[in-house]
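Here is a note on the two places where parts of this assembly meet. Please read the points with the structure open.

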Amino acid sequence: MGVPPRVTILLGHFGSGKTEVAISLARRLARGNVRPCLVDLDFITPFFRSRDAAAWLEREGVDVIAPAGPLAESDLPTIPGPALRALLSVDAPVVADVGGDEGARVIGSLATRLRPSDTRALLVVNPFRPSTREAKTVAGYARWVAAVARVDVAGLVANPHLGPATEPEHVRNGFRVVAETARALGVPVAYAAVRQDLVGGIGSLPAEVLPLRLAMRAPWEPGPNARSPGFDTPGRGRGGFWHG
Amino acid sequence: MAIAATQAEPATEALLYKGNEALGEAAVRAGCRFFFGYPITPQSELPAYMARRLPEVGGVYLQAESEVAAINMVLGASAAGVRVMTSSSGPGFSLKQEGISYLVGCELPAVLVNIMRGGPGLGNILPSQADYFQATKGGGHGDYRLIVLAPAGVQELADLTGLAFDLADVYRNPVIVLGDGLLGQMMEPVRFPALRPAPDPPDWALTGARGRPRRLITSIHLAAEALEAHNQRLQAKFARMAERETRWEAVETEGARLVVVAYGTASRIARAAVELAREEGLPVGLLRPITLWPFPAKPLAELAGGDAARFLAVELSAGQMVEDVRLAVAGRAPVEFYGRMGGAVPTPREILEVIRRQLGGDGR
């Protein structure tokens, strides 16, 4: 796709993997000369959001912009001022992670101010999710979400996986569904997102592979660092409540 | 009312579902065709799923004007003999309590889902297990018991939802599926059984009395002897439920000196902590209640009478289930508690620290 536009907006179904894709995309951009921003505009999902990995991402060279203070743990439809500046008026590369489905309305509300030459919207698709299993339904969904967000979908991000049960064949088979959708929509598959430990086993895919280092983990799963993002961060309570 | 016949939908391959969505699909596959609810985080994906899914199988989704209205719609649908579900979280589930008491009094089956969040009051939208007392001790008025199922993963959310509908019908009593925000929001692979058709209305349902004697469904019994007899019948039913329906999972409890007791999300974390402790050679096991009522008191009592020298209850609350653990252990061993509140969730290492403290010195 040549040099991507400055702002990448990730749209998609509930649980399509936008947040993991956003985090890995932002970490990749952090290798460049200008520190990127990850703008978390998700007010649909109450947790498992980019902001939960903010401390780790800051250390990885990514600025995370999300509602501040107690609002960070709400699902109120707020757009922080710095998020607007990042989307509209700074020079840094930006990845915007929005909530699933109707969460795209936040982009719709800004659509007249976004600069088309500066911005691309990608649709993240996991064909192992219940509502996006077939190319025909995904294409219909893509048109719906583009209308809600009032942007054109410039490409797809294939994110085929079954969580911990993912095998390389799931990735390959799922990718075919996404590629078929892309053909139907007349757009490219911009990335094939693949959990990093599976990248070696899938062979070549006709798309740029984006290795995912998963950050949204349950509290009992090992995270990318010693702390579980979102569930062991400072300020979430000062130790446990004990009685014998 | 005739429910439209639906096409055959076979058992599925593994798909990636959010917990809340899996509750909905499992209900539909169990023959549920009616859902009445009102949105509240962190369970709103369930009504949203039902709004889209139920029309596909000839069912009805209705967003009520309030939780109180929704639970009374559930009562009406259940009286008409159909499988019906409602769901809410914390504050909304509190509003349903009057209707739940009426369902029990009327001996009507229904499946009720509470995806718990931080309380009391509005609290917050983060995961919690502080509605244990409300679910297991009777949140509404009158002497009653409900089977309370506590899944610990997305597949189990689906499996126990199917079971909940069957148990509700067998006992003509509502069944609660008690999860928390984390279970509702997390995604795991899940397989669903084939779609079951909506069952025919049972022989007590209100289906129109033309050509047969009328039927009456009520919870009002004005005379003392009538209401006492009704209560005695209900109590006998609750005793049968307690006798037959207790479910739990024991993990490495054989020979364990310390038994951790935890359900739902807390049990996932506790299990990871027990695995870490076992790697250090600590003699620790986990008992996970799957039914919170009836509570698995008997296996706990047996462990207390055997090798277990201590018990540790872990909950996302100030300590509610721990009271049932203490009743079961009945003073035969110390029962201690560790919990987090307000949406804070402990890590496995945090629990491991408590386990080490408990087994400190010559504890092993």
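**Notes on the chain and domain interfaces**

1. In contact across the chain boundary are 33 residues of chain A and 43 residues of chain B. The model is predicted, and the values in this note are computed from it.

2. The size of an interface is often given as the accessible area lost when the parts come together. For chain A and chain B that area is about 3,300 Å², and carbon and sulfur atoms account for 64% of it. Within what chain A buries against chain B, 23% comes from Phe47(A), Trp220(A) and Phe241(A), more than from any other three residues. Anyone viewing the chain A side may want to start with those three residues, Phe47(A), Trp220(A) and Phe241(A).

3. How many salt bridges are there between chain A and chain B? The count is two. Glu13(B) makes a salt bridge with Arg133(A), and the closest N and O atoms are 3.1 Å apart. The side of chain A that touches chain B consists of 14 nonpolar, 13 polar and six charged residues.

4. Domain 1 of chain B brings 32 residues to the contact and domain 2 of chain B brings 25 residues.

5. Domain 1 and domain 2 of chain B bury about 2,300 Å² between them, with 55% of this on carbon and sulfur atoms.

6. Three salt bridges are counted between domain 1 and domain 2 of chain B. Asp324(B) and Lys137(B) form a salt bridge through their side chains, at 2.7 Å from N to O. There are also 15 residue pairs in polar contact between the two domains of chain B, both residues being at pLDDT 80 or more.

7. Which elements of domain 1 of chain B each supply at least two residues of the side that touches domain 2 of chain B? They are the helices α6 (132-136), α7 (154-171), α8 (181-185) and α9 (224-244) of chain B, together with the strands β6 (147-149) and β7 (175-180) of chain B. Sorted by class, this side of domain 1 of chain B holds 21 nonpolar, five polar and six charged residues.

Terms used: Residues numbered from 1 in each chain as written. Chains lettered and ligands numbered in written order. Predicted model: local features only at pLDDT ≥ 70, side-chain atom pairs only at ≥ 80, totals over all residues. Heavy atoms only, no water. Contact = heavy atoms within 4.5 Å. Buried area = accessible area lost by both parts, 1.4 Å probe. Salt bridge = Lys/Arg side-chain N within 4 Å of Asp/Glu carboxyl O. Nonpolar A, V, L, I, M, F, W, Y, C, P; charged D, E, K, R; others polar. Polar contact = N/O pair within 3.5 Å; in protein donor to acceptor, adjacent residues only side chain to side chain. Helix = DSSP H or I, 4+ residues; strand = E, 2+ residues; numbered from the N terminus.
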